[in-house]
Amino acid sequence: MSIGCRSLRVTDRGGELLAVDFLEVADGETLAVLGPNGAGKSTLLRALAHLEPRAARAEVLLDGEPAAPAQLRTAVAAVLQRPVLQRTSVLDNAAAGLRLRGTPRARARRLARPWLDALGIAHLADRHARTLSGGEAQRVAIARALAVESRVLLLDEPFAGLDATTRADLIADLRTALDRSTAAVVLVTHDRDEAAALAHRTALLLRGRIRQLGTTADVLDSPADPECARLLGYTTHLPPELTGHDVLLVARPERCRLLAVTDPATTRRIKWGVAPAGTEVVVPGTLRRVVPLGGTTRVDVDTAAGSVAVLTTAEVTTAPGGPVCVAVDARDARECPPPG
Amino acid sequence: MLLDGLLQAVRMLLTGDEDTWSITALTLRVSLTATTVALLLGVPLGTALALGRFPGRRMLLAAANTGMGLPPVVVGLFVTVLLWRSGPLGAFGLLYSSTAMVVAQALIATPIVSALTAAALQQVDPDFLLQMRALGATRARALRALLAEARLPLLAAALAGFGAVVSEVGAAQMVGGNIAGQTRVLTTAAVLATSRGQFALAIAFGLVLLAIAFAVNLFVTLAQQRDSRPSS
């Protein structure tokens with residue numbers, strides 16, 4: 001079953017929080033809604049489940065047809081950002097979604113058990129929910145929603161607040177679990193790695209508007225405008241006046257290199273902006289600061305058009321105030337037209 | 001004298017003094033009925049106070065909290081005036097009956113149950129109802145899950161209401177009249193026995209009241225221990 005919405009508007013105290021003209025997620029498909037904090041991601045998710053009290057106008061579609069609240073209630077299961085568990089055992093928590101839908105206790109427990117296994121917490125089945133760690137609790141919350149076997153699954157930043165290892169393990173387990181499911185899944189996240197790992201398509205949500213929508217690979221690789229580029233990690237922005245290019249070029253800072261200007265080859269390339277062979281973009285500037293970040297070093301370079309950041313693993317020999325160049329391989333730079 | 005009275009009281013209870021047991025039975029009947037009425041009124045009221053979004057909610061919550069300290073004598077006076085032969089409800093002829101005592105005690109217990117219910121529900125995660133509904137629960141089922149989640153503090157609310165009414169004497173005396181065999185309960189009987197100098201009898205009534213209080217608290221404590229103990 002597909003879920004979608006048409007002419008969705010959420011307003012609060014006169015301000016428009018969310019405006020989505022059309023969105024649809026097909027059966028068996030996972031859509032990631034990627035956006036910064038406060039973009040309206042959770043609001044969108046709650047509006048899709050008819051759980052958003054501020055939704056002024058929302059036509060939620062199931063299989064392309066407007067859905068009544070009762071239909072939505074049975075079709076949708078949602079996992080909130082923070083796991084809210086009941087004061088009972090892990091197994092009974094996992095069975096709670098089914099119980100809330102009227103399934104008898106014994107049957108609900110039987111149906112829930114395989115999902116505990118799928119999420120790697122079968123050994124915790126008899127534990128009290130209050131003794132769980134954050135990661136374990138989130139696994140229970142996800143198992144509880146999956147056990148319902150609803151046709152639509154809504155996940156609101158299910159990995160928020162988990163440490164890196166726990167998060168990576170849970171993403172892998174969730175991926176396997178979703179592969180078993182035929183539900184239409186909407187995953188709200190601010191992390192592009194989660195989108196890349198789990199979603200077939202990705203929508204970028206900024207200030208309550210969907211700014212870009214496409215396959216996850218396409219969206220992550222080709223930002224539609226400068227703001228989308230920043231959201232996707234293309235935070236090094238090289239405007240036309242620096243590069244001689246027609247449009248803004250954007251790149252990931254870890255794909256940029258720092259060059260010392262003493263290299264004669266570099267000086268020649270600086271003159272051109274875009275290297276003669278067309279393989280590298282080089283921008284001159286002044287090194288402002290060097291910030292060691294453990295494995296890498298962040299270098300901020302002041303250019304004629306503002307500050308540019310580079311992440312490098314190489315040793316930085318130039319002192320702050322010294323002349324440097326930022327180089328980006330053409331394959332790593334993306335053309336980014338202004339919005340509109 | 002105290003020790004002597006205590007020994008006589010224990011003897012009286014062990015030998016099964018008929019009056020004492022009938023008074024105990026009436027006390028339990030009146031107070032349990034009043035507590036049940038208070039629960040039927042107070043739990044929905046407390047739920048509305050905890051979850052509702054309506055003007056005046058905070059005022060009502062403050063009123064319920066104040067009502068927890070409602071002096072039984074004031075309630076007794078109020079109910080007496082209402083039920084007095086020439087009062088607004090005088091036609092029912094309920095004054096000096098166990099029904100009047102139930103009404104008065106329910107009025108004492110309802111604010112206690114309401115305020116403690118509101119507090120109990122406000123302690124549960126604020127996203128609890130949303131998460132239950134997000135799993136496909138109807139509003140009614142989600143609410144039932146919320147009440148189940150707060151079952152221990154709700155049990156404590158019920159027992160606080162019961163404790164308040166079983167031990168009060170002012171309202172029971174005023175609206176019941178302490179009529180032997182009809183409206184005499186443990187507290188009013190103890191007051192009467194003391195005023196007559198029958199200390200052993202008064203102590204016996206006191207002991208029964210204490211035993212009821214202990215049994216009730218033991219029950220709550222055991223329930224809480226059993227429910228909150230993680231299995232590992």
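In chain A, β7(A), helix α7 (residues 164-180) and β8(A) form a right-handed β-α-β unit. Right-handed here means that, with the strands pointing away from the viewer, the path from the first strand over the helix to the second runs clockwise. The element names are DSSP runs numbered from the N terminus, with helices being H or I of at least four residues and strands being E of at least two. Before going on, a word on the ground rules: this is a predicted model, where local features need pLDDT of at least 70, side-chain atom pairs count only at pLDDT 80 or more, and totals for chains, interfaces and linings use all residues. Residues are numbered from 1 along each chain as its sequence is written, while chains are lettered from A and ligands numbered from 1 in the order in which they are written.

Let's stay with β8(A). Strand β7 (residues 152-156) of chain A runs parallel to β8(A), and five bridges join the two. Strands count as paired if DSSP finds at least two bridges between them. In this pairing, A:Leu155 sits opposite A:Leu187 of β8(A). Strand β3 (residues 30-34) of chain A is also parallel to β8(A) and joined to it by five bridges; there, A:Leu31 stands opposite A:Val186.

How many residues of strand β8 (residues 184-189) of chain A are buried? Six of the six are, so the strand is largely enclosed by the rest of the structure. Buried means that 20 or more other C-beta atoms lie within 10 Å of the residue's own; 12 or fewer makes it exposed, anything in between partly exposed, and the C-beta atoms are placed from the backbone. In a regular strand the side chains alternate between the two faces of the sheet. In β8(A), A:Ala184, A:Val186 and A:Val188 point one way, A:Val185, A:Leu187 and A:Thr189 point the other way, and all are buried.

Further along chain A there's an open sheet of five strands with antiparallel pairing, in the order β13-β17-β14-β15-β16. Its edge strands are β13 (256-260) and β16 (306-312) of chain A, each pairing on one side only. Neighbouring strands in this sheet are turned by 45° against each other on average, direction ignored; the axes behind that angle are lines fitted to C-alpha atoms, for helices over the stretch in contact, and angles in general run from 0 to 180 degrees between N-to-C directions. Inside the sheet, seven bridges join strand β14 (residues 280-293) of chain A to strand β15 (residues 296-303) of chain A, antiparallel. One facing pair is A:Leu287 opposite A:Val301 in β15(A).

Two backbone spots in chain A deserve a look. Most residues other than glycine have a negative phi, and most peptide bonds are trans. A:Ser7 isn't a glycine, yet has a positive phi of about 45°. A:Ser7 lies in strand β1 (residues 3-12) of chain A and is exposed, with 11 other C-beta atoms within 10 Å. A:Arg207, also not a glycine, has a positive phi of about 45°. A:Arg207 sits in the loop between β9 (201-206) and β10 (209-215) of chain A and is partly exposed, with 15 other C-beta atoms within 10 Å.

Now over to chain B, which has eleven helices and zero strands. Its C-alpha trace spans about 65 × 55 × 25 Å along the principal axes, and 39% of its 232 residues count as buried. Of the contacts in chain B with a separation of 6 or more, 76% come from residues 24 or more positions apart, where a contact means C-beta atoms, placed from the backbone, within 7 Å. B:Thr33 belongs to helix α2 (residues 18-51) of chain B and is partly exposed, with 18 other C-beta atoms within 10 Å.

Helix α8 (residues 151-166) of chain B has 16 residues and reaches 22 Å from its first C-alpha to its last, close to the 22 Å expected at 1.5 Å a residue. That expectation is 1.5 Å times one less than the number of residues. The buried residues of α8(B) include B:Leu154, B:Phe162 and B:Val165.

Finally, where the chains meet, the contact takes 17 residues from chain B and 24 residues from chain A. On the chain B side, α6 (128-134) and α7 (139-149) are the elements that give two or more residues, and α6(B) gives the most, with six residues.

How values were computed
Contact = placed C-beta atoms within 7 Å.
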